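Please look over the chain shown below before reading on, and keep it in view while working through the points that follow.

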Amino acid sequence: MAKKSMIARETKRQKMVEKFAAKRAALKETANDESKPMEERFKARLALAKLPRNSSPTRLHNRCQLTGRPHAYHRKLKISRIALRDLGSDGQIPGLVKSSW
């Protein structure tokens with residue numbers, strides 16, 4: 001089980017990314033538009049830099065929804081390999097058979 005503070009930090013980042021997504025997209029579009037004057041593009045880049053760092057989607061990290069584990073994460077199932085093994089052993093995941101010999 002991951003620390004509660006790390007899970008809370010990740011949910012806080014997720015909320016911040018959603019909050020600033022539209023503003024960030026508009027500033028990026030302005031900054032990358034070659035038809036606009038250089039000063040306007042530069043101001044857009046400065047405004048983009050003044051946004052909170054945690055509002056960037058690249059700072060998000062995938063975590064297991066059951067345990068909060070950050071490593072060995074299956075994107076399709078949104079759980080870690082350990083949680084997948086436990087659920088598979090219990091027969092909770094349809095079609096998954098855990099082999100043992």
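Arginine 41 has a relative accessibility of 11%, and because the cut-off for a buried residue is under 20%, arginine 41 counts as buried. The model is a predicted one, with a mean pLDDT of 91 for the chain and with 100% of the residues reaching 70 or more.

**Salt bridges**

- Side chains of opposite charge can pair when their charged atoms come close.
- In this chain the count of salt bridges comes to three.
- The side chain of arginine 41 meets that of glutamate 34 in a salt bridge, with 3.6 Å from N to O.
- Whereas arginine 41 is buried, glutamate 34 is exposed, since its relative accessible area is 64% and the cut-off for exposed residues is over 50%.
- Another salt bridge joins arginine 13 to glutamate 10, where the closest N and O atoms are 3.7 Å apart.
- Arginine 13 and glutamate 10 are both buried, and because they stand three residues apart in helix α1 (residues 4-32), about one helical turn separates them.
- Lysine 36 and glutamate 40 also form a salt bridge, and here the closest N and O atoms lie 3.8 Å apart.
- Lysine 36 counts as partly exposed at 30% relative accessibility, and glutamate 40 is likewise partly exposed, with a relative accessible area of 36%.

**Nonpolar cores**

- The largest nonpolar core is made up of six residues, namely Phe20, Leu27, Ala31, Ala44, Leu48 and Leu51.
- Helices α1 and α2 each supply at least two residues of this core, and the largest share, three residues, comes from α1.

**Serine 80 and its surroundings**

- Serine 80 has its place in strand β2 (residues 79-80), and at 0% relative accessibility it counts as buried.
- Not counting residues up to four places away in sequence, serine 80 touches Cys64, Thr67, Arg69, His71, Ala72, Tyr73 and His74.

- Asparagine 62 is found in the loop between α2 (38-50) and β1 (73-74), and with 38% relative accessibility it counts as partly exposed.
- Although asparagine 62 and isoleucine 79 are 17 residues apart along the chain, a distance of 9.2 Å separates their C-alpha atoms.

**Confidence in the prediction**

- Where pLDDT is low, the predicted coordinates should not be read in detail.
- Among the elements of this chain, the lowest mean pLDDT, 91, belongs to helix α3 (residues 81-90), while the highest, 95, belongs to α2.

Notes
Residues are numbered from 1 along each chain as its sequence is written. This is a predicted model: local features need pLDDT of at least 70, side-chain atom pairs count only at pLDDT 80 or more; totals for chains, interfaces and linings use all residues. Side-chain values use heavy atoms; hydrogens and water are left out. Helices (H or I, at least four residues) and strands (E, at least two) are DSSP runs, numbered from the N terminus. Buried means under 20% relative accessible area, exposed over 50%, partly exposed in between (1.4 Å probe, protein chains only). pLDDT is the predictor's confidence in each residue, from 0 to 100. A salt bridge is a side-chain nitrogen of Lys or Arg within 4 Å of a carboxyl oxygen of Asp or Glu. A nonpolar core is a set of buried Ala, Val, Leu, Ile, Met, Phe, Trp, Tyr and Cys residues joined through side-chain atoms within 4.5 Å. Contact means heavy atoms within 4.5 Å.
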